[in-house]
Amino acid sequence: MQDPAFSQALRLCGQKPVVLPDGMLVLCRRIAGITLAMLPRASPPDDLDAQLRAVALHRCPLILSPQTPCALPRSLRLRAPRDMAVLDLTNSEGERRANLHGKWRNQLKRGEEHQLSVTRKPLPADPDTPVLREEQLQSRRRGYANWPAPLTAGFAAAAPDQTHVFRALHKGRVVAHMLFLTHGACATYQLGHITNEGKALCAHNLLLWRASRYFAKRGIVQLHLGVLSADTPDLDRFKLRCGARRQPTGGTHLYWHPFARR
(Lines give C-alpha, C1' and ligand atoms only; values in the text may rest on other atoms or scores of the structure.)
Protein backbone atom coordinates (compact mmCIF):
# COMPACT_ATOMS: atom_id res chain seq x y z
CA MET A 1 0.00 0.00 0.00
CA GLN A 2 3.04 2.29 0.14
CA ASP A 3 4.02 1.49 -3.45
CA PRO A 4 3.57 4.40 -5.92
CA ALA A 5 1.31 2.17 -8.03
CA PHE A 6 -1.22 1.97 -5.18
CA SER A 7 -1.35 5.74 -4.90
CA GLN A 8 -1.88 6.03 -8.64
CA ALA A 9 -4.59 3.35 -8.53
CA LEU A 10 -6.46 5.40 -5.92
CA ARG A 11 -6.28 8.46 -8.14
CA LEU A 12 -7.61 6.48 -11.09
CA CYS A 13 -10.56 5.56 -8.85
CA GLY A 14 -11.25 9.24 -8.12
CA GLN A 15 -9.60 9.30 -4.68
CA LYS A 16 -7.12 11.90 -3.44
CA PRO A 17 -4.42 10.24 -1.35
CA VAL A 18 -2.15 12.52 0.67
CA VAL A 19 1.62 12.10 0.41
CA LEU A 20 3.86 13.14 3.30
CA PRO A 21 7.07 15.07 2.54
CA ASP A 22 9.12 11.85 2.82
CA GLY A 23 6.90 10.12 0.25
CA MET A 24 4.70 8.00 2.56
CA LEU A 25 1.06 7.63 1.60
CA VAL A 26 -1.71 8.69 4.00
CA LEU A 27 -5.34 7.73 3.47
CA CYS A 28 -8.10 10.06 4.66
CA ARG A 29 -11.80 9.52 5.30
CA ARG A 30 -14.51 11.66 6.87
CA ILE A 31 -16.61 9.86 9.48
CA ALA A 32 -19.44 11.74 11.20
CA GLY A 33 -17.92 14.99 9.97
CA ILE A 34 -14.46 14.19 11.40
CA THR A 35 -11.44 13.62 9.17
CA LEU A 36 -9.67 10.39 10.11
CA ALA A 37 -6.25 9.68 8.60
CA MET A 38 -4.37 6.38 8.27
CA LEU A 39 -0.70 5.60 7.64
CA PRO A 40 -1.00 2.08 6.22
CA ARG A 41 1.72 -0.58 6.28
CA ALA A 42 4.52 1.79 7.24
CA SER A 43 6.64 2.67 10.26
CA PRO A 44 5.94 6.27 11.32
CA PRO A 45 8.87 8.68 10.79
CA ASP A 46 10.63 10.22 13.77
CA ASP A 47 9.32 13.66 12.78
CA LEU A 48 5.73 12.46 12.36
CA ASP A 49 4.14 15.58 13.83
CA ALA A 50 6.12 17.89 11.54
CA GLN A 51 5.24 15.86 8.46
CA LEU A 52 1.56 15.79 9.36
CA ARG A 53 1.66 19.55 9.90
CA ALA A 54 3.20 19.99 6.43
CA VAL A 55 0.08 18.45 4.85
CA ALA A 56 -2.39 20.02 7.31
CA LEU A 57 -3.27 16.73 9.03
CA HIS A 58 -1.66 17.48 12.40
CA ARG A 59 -5.06 18.04 14.06
CA CYS A 60 -6.57 14.77 12.78
CA PRO A 61 -6.69 11.42 14.59
CA LEU A 62 -4.29 9.05 12.82
CA ILE A 63 -4.45 5.26 12.56
CA LEU A 64 -1.02 3.58 12.53
CA SER A 65 -0.71 0.04 11.14
CA PRO A 66 2.98 -0.74 10.62
CA GLN A 67 3.91 -3.79 8.58
CA THR A 68 6.33 -5.00 11.27
CA PRO A 69 6.87 -4.16 14.98
CA CYS A 70 8.59 -0.79 15.39
CA ALA A 71 8.95 2.18 17.72
CA LEU A 72 5.72 4.17 17.92
CA PRO A 73 4.77 7.53 19.40
CA ARG A 74 2.46 7.47 22.43
CA SER A 75 -0.77 6.01 21.13
CA LEU A 76 -3.75 3.84 22.02
CA ARG A 77 -3.56 0.27 20.80
CA LEU A 78 -6.74 -0.69 18.97
CA ARG A 79 -5.71 -4.15 17.84
CA ALA A 80 -2.93 -6.48 18.88
CA PRO A 81 -0.29 -7.51 16.33
CA ARG A 82 -1.28 -10.36 14.03
CA ASP A 83 0.95 -12.88 12.29
CA MET A 84 1.57 -12.81 8.55
CA ALA A 85 2.83 -15.78 6.53
CA VAL A 86 6.05 -14.76 4.75
CA LEU A 87 8.00 -17.02 2.40
CA ASP A 88 11.74 -16.36 2.17
CA LEU A 89 12.95 -16.58 -1.43
CA THR A 90 16.66 -15.96 -0.81
CA ASN A 91 17.53 -19.65 -0.39
CA SER A 92 18.33 -21.87 -3.35
CA GLU A 93 15.50 -23.68 -5.10
CA GLY A 94 16.74 -26.98 -3.65
CA GLU A 95 16.69 -25.57 -0.13
CA ARG A 96 13.20 -24.14 -0.59
CA ARG A 97 11.92 -27.48 -1.85
CA ALA A 98 13.53 -29.26 1.10
CA ASN A 99 11.74 -26.82 3.44
CA LEU A 100 8.32 -27.89 2.16
CA HIS A 101 6.22 -29.91 4.58
CA GLY A 102 6.11 -33.56 3.52
CA LYS A 103 2.40 -33.55 2.72
CA TRP A 104 2.68 -30.24 0.83
CA ARG A 105 5.62 -31.63 -1.17
CA ASN A 106 3.63 -34.76 -2.06
CA GLN A 107 0.73 -32.61 -3.26
CA LEU A 108 3.16 -30.59 -5.37
CA LYS A 109 4.47 -33.80 -6.91
CA ARG A 110 0.94 -34.85 -7.80
CA GLY A 111 0.35 -31.48 -9.42
CA GLU A 112 3.52 -31.88 -11.45
CA GLU A 113 2.59 -35.42 -12.49
CA HIS A 114 -0.76 -34.25 -13.87
CA GLN A 115 1.19 -32.15 -16.38
CA LEU A 116 -0.89 -29.06 -15.87
CA SER A 117 -0.08 -26.18 -18.18
CA VAL A 118 0.95 -23.05 -16.22
CA THR A 119 0.89 -19.56 -17.72
CA ARG A 120 1.79 -16.11 -16.36
CA LYS A 121 0.40 -12.85 -17.72
CA PRO A 122 -0.24 -9.31 -16.43
CA LEU A 123 -3.70 -8.59 -15.07
CA PRO A 124 -5.94 -6.75 -17.58
CA ALA A 125 -6.87 -3.26 -16.35
CA ASP A 126 -10.57 -4.10 -16.45
CA PRO A 127 -12.75 -4.47 -13.31
CA ASP A 128 -14.88 -7.00 -15.19
CA THR A 129 -12.01 -9.27 -16.20
CA PRO A 130 -12.78 -12.94 -15.27
CA VAL A 131 -10.15 -13.04 -12.50
CA LEU A 132 -11.73 -10.09 -10.66
CA ARG A 133 -15.27 -11.24 -11.42
CA GLU A 134 -14.51 -14.63 -9.81
CA GLU A 135 -13.03 -12.85 -6.78
CA GLN A 136 -16.14 -10.73 -6.27
CA LEU A 137 -18.39 -13.79 -6.38
CA GLN A 138 -16.13 -15.78 -4.07
CA SER A 139 -15.74 -12.98 -1.50
CA ARG A 140 -19.52 -12.51 -1.30
CA ARG A 141 -20.06 -16.25 -0.95
CA ARG A 142 -17.43 -16.69 1.77
CA GLY A 143 -18.02 -13.38 3.53
CA TYR A 144 -14.58 -11.80 3.42
CA ALA A 145 -13.41 -8.38 2.19
CA ASN A 146 -10.75 -7.63 -0.39
CA TRP A 147 -9.87 -4.65 -2.55
CA PRO A 148 -12.76 -3.47 -4.74
CA ALA A 149 -12.34 -4.67 -8.33
CA PRO A 150 -11.84 -1.10 -9.71
CA LEU A 151 -8.93 -0.55 -7.29
CA THR A 152 -7.19 -3.78 -8.34
CA ALA A 153 -7.81 -2.90 -11.98
CA GLY A 154 -6.43 0.57 -11.26
CA PHE A 155 -3.23 -0.97 -9.90
CA ALA A 156 -2.97 -2.98 -13.12
CA ALA A 157 -3.46 0.18 -15.17
CA ALA A 158 -0.82 2.05 -13.17
CA ALA A 159 1.79 -0.71 -13.12
CA PRO A 160 0.96 -3.67 -15.41
CA ASP A 161 4.45 -5.15 -14.96
CA GLN A 162 3.79 -5.42 -11.21
CA THR A 163 0.75 -7.69 -11.69
CA HIS A 164 1.17 -11.41 -12.25
CA VAL A 165 -1.70 -13.79 -12.96
CA PHE A 166 -0.61 -17.43 -12.82
CA ARG A 167 -3.11 -19.86 -14.33
CA ALA A 168 -3.23 -23.66 -14.28
CA LEU A 169 -4.94 -25.29 -17.27
CA HIS A 170 -6.04 -28.91 -17.64
CA LYS A 171 -7.14 -30.09 -21.06
CA GLY A 172 -7.42 -26.46 -22.13
CA ARG A 173 -9.62 -25.39 -19.19
CA VAL A 174 -8.52 -23.02 -16.43
CA VAL A 175 -8.81 -24.94 -13.16
CA ALA A 176 -7.05 -22.44 -10.86
CA HIS A 177 -5.45 -19.03 -10.84
CA MET A 178 -3.49 -16.82 -8.45
CA LEU A 179 -2.84 -13.07 -8.67
CA PHE A 180 0.35 -11.61 -7.17
CA LEU A 181 1.42 -7.98 -6.96
CA THR A 182 5.09 -7.01 -6.77
CA HIS A 183 6.40 -3.97 -4.91
CA GLY A 184 10.08 -3.27 -4.50
CA ALA A 185 11.86 -6.52 -3.60
CA CYS A 186 8.66 -8.18 -2.35
CA ALA A 187 5.62 -9.87 -3.84
CA THR A 188 2.18 -10.25 -2.26
CA TYR A 189 -0.45 -12.89 -2.93
CA GLN A 190 -3.57 -10.85 -3.69
CA LEU A 191 -6.30 -13.33 -4.61
CA GLY A 192 -6.97 -16.74 -6.08
CA HIS A 193 -9.62 -19.17 -7.19
CA ILE A 194 -9.72 -22.91 -7.75
CA THR A 195 -12.31 -25.34 -9.12
CA ASN A 196 -13.08 -28.75 -7.65
CA GLU A 197 -11.11 -30.26 -10.51
CA GLY A 198 -8.20 -27.97 -9.66
CA LYS A 199 -8.29 -29.10 -6.03
CA ALA A 200 -8.16 -32.75 -7.10
CA LEU A 201 -5.15 -31.93 -9.29
CA CYS A 202 -3.38 -29.94 -6.50
CA ALA A 203 -3.26 -26.97 -8.85
CA HIS A 204 -2.74 -24.30 -6.18
CA ASN A 205 0.32 -26.11 -4.82
CA LEU A 206 1.78 -26.11 -8.31
CA LEU A 207 0.91 -22.45 -8.95
CA LEU A 208 2.41 -21.21 -5.68
CA TRP A 209 5.59 -23.20 -6.28
CA ARG A 210 5.95 -21.96 -9.87
CA ALA A 211 5.27 -18.38 -8.78
CA SER A 212 7.88 -18.57 -6.02
CA ARG A 213 10.44 -19.89 -8.53
CA TYR A 214 9.57 -17.13 -10.99
CA PHE A 215 9.93 -14.36 -8.40
CA ALA A 216 13.13 -15.75 -6.87
CA LYS A 217 14.83 -15.78 -10.29
CA ARG A 218 13.93 -12.08 -10.68
CA GLY A 219 15.38 -10.88 -7.41
CA ILE A 220 12.25 -10.90 -5.23
CA VAL A 221 13.34 -11.77 -1.69
CA GLN A 222 10.01 -12.25 0.11
CA LEU A 223 6.57 -13.51 -0.84
CA HIS A 224 3.81 -12.29 1.50
CA LEU A 225 0.93 -14.76 1.74
CA GLY A 226 -1.44 -12.77 3.95
CA VAL A 227 -2.48 -12.63 7.59
CA LEU A 228 -2.99 -15.87 9.47
CA SER A 229 -6.31 -16.36 11.24
CA ALA A 230 -7.84 -18.96 13.52
CA ASP A 231 -10.97 -18.68 11.36
CA THR A 232 -9.17 -20.18 8.33
CA PRO A 233 -7.16 -23.15 9.64
CA ASP A 234 -7.01 -24.97 6.30
CA LEU A 235 -5.75 -21.90 4.48
CA ASP A 236 -3.20 -21.18 7.22
CA ARG A 237 -1.94 -24.76 7.03
CA PHE A 238 -1.52 -24.44 3.26
CA LYS A 239 0.53 -21.24 3.69
CA LEU A 240 2.78 -22.50 6.47
CA ARG A 241 3.42 -25.90 4.94
CA CYS A 242 4.86 -24.28 1.81
CA GLY A 243 7.79 -23.10 3.93
CA ALA A 244 6.43 -19.72 5.01
CA ARG A 245 7.20 -18.42 8.49
CA ARG A 246 5.11 -16.41 10.91
CA GLN A 247 6.04 -12.72 10.96
CA PRO A 248 4.25 -10.39 13.42
CA THR A 249 2.80 -7.13 12.19
CA GLY A 250 2.97 -3.95 14.24
CA GLY A 251 -0.69 -4.00 15.31
CA THR A 252 -3.17 -1.13 14.92
CA HIS A 253 -2.87 2.06 16.98
CA LEU A 254 -4.67 5.39 17.32
CA TYR A 255 -2.40 8.43 17.46
CA TRP A 256 -3.68 11.93 18.09
CA HIS A 257 -1.26 14.71 18.90
CA PRO A 258 -3.16 16.36 21.81
CA PHE A 259 -3.85 12.94 23.33
CA ALA A 260 -0.20 11.89 22.98
CA ARG A 261 0.96 15.10 24.72
CA ARG A 262 -1.21 14.31 27.73
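Gly-23 sits in the loop between strand E1 (18–19) and strand E2 (25–31). Helices (H or I, at least four residues) and strands (E, at least two) are DSSP runs, numbered from the N terminus. At 45% relative accessibility, Gly-23 counts as partly exposed. The classes are buried under 20% relative accessible area, exposed over 50% and partly exposed in between, with a 1.4 Å probe and protein chains only. Gly-23 and Gln-2 are 21 residues apart in sequence, and their C-alpha atoms are 8.7 Å apart in space.

This is a predicted model: local features need pLDDT of at least 70, side-chain atom pairs count only at pLDDT 80 or more, and totals for chains, interfaces and linings use all residues. Residues are numbered from 1 along each chain as its sequence is written, and side-chain values use heavy atoms, with hydrogens and water left out.

**The chain as a whole**

The chain has 10 helices and 13 strands. Its C-alpha trace spans about 65 × 35 × 35 Å along the principal axes. Of the 262 residues, 42% count as buried. The chain exposes about 13,900 Å², and carbon and sulfur atoms supply 51% of it. Accessible areas come from the Shrake-Rupley method with a 1.4 Å probe; for residues, only the protein chains shown count as cover. Among contacts between residues at least 6 apart in sequence, 68% join residues at least 24 apart. Contact means heavy atoms within 4.5 Å.

Helix H4 (residues 102–113) packs on helix H8 (residues 203–217) at an angle of about 95 degrees, with the axes 8 Å apart. That makes H4 roughly perpendicular to H8. Angles under 35 degrees count as roughly parallel, over 145 as roughly antiparallel, 65 to 115 as roughly perpendicular and the rest as oblique. Axes are lines fitted to C-alpha atoms, for helices over the stretch in contact; angles run from 0 to 180 degrees between N-to-C directions. H4 contributes Trp-104, Gln-107, Leu-108, Gly-111 and Glu-112, while H8 contributes Asn-205, Leu-206, Leu-208 and Trp-209.

**Positive phi**

Most residues other than glycine have a negative phi. Gln-115 has a positive phi of about 55 degrees although it is not a glycine. Its place is the loop between H4 and strand E7 (117–121). Cys-202 also is not a glycine and has a positive phi of about 55 degrees. Cys-202 lies in the loop between helix H7 (196–200) and H8.

**Buried helix residues**

Leu-10 lies in helix H1 (residues 4–12). Not counting residues up to four places away in sequence, Leu-10 touches Gln-15, Pro-17, Leu-25, Leu-27 and Leu-151. Leu-10 and Gly-154 are 144 residues apart in sequence and 7.2 Å apart in space, C-alpha to C-alpha.

Gln-138 belongs to helix H5 (residues 130–142). Leaving aside neighbours within four places in sequence, Gln-138 is in contact with Tyr-144, Gly-192 and His-193.

| Residue | Relative accessibility | Class |
|---|---|---|
| Leu-10 | 10% | buried |
| Gln-115 | 72% | exposed |
| Gln-138 | 5% | buried |
| Cys-202 | 7% | buried |
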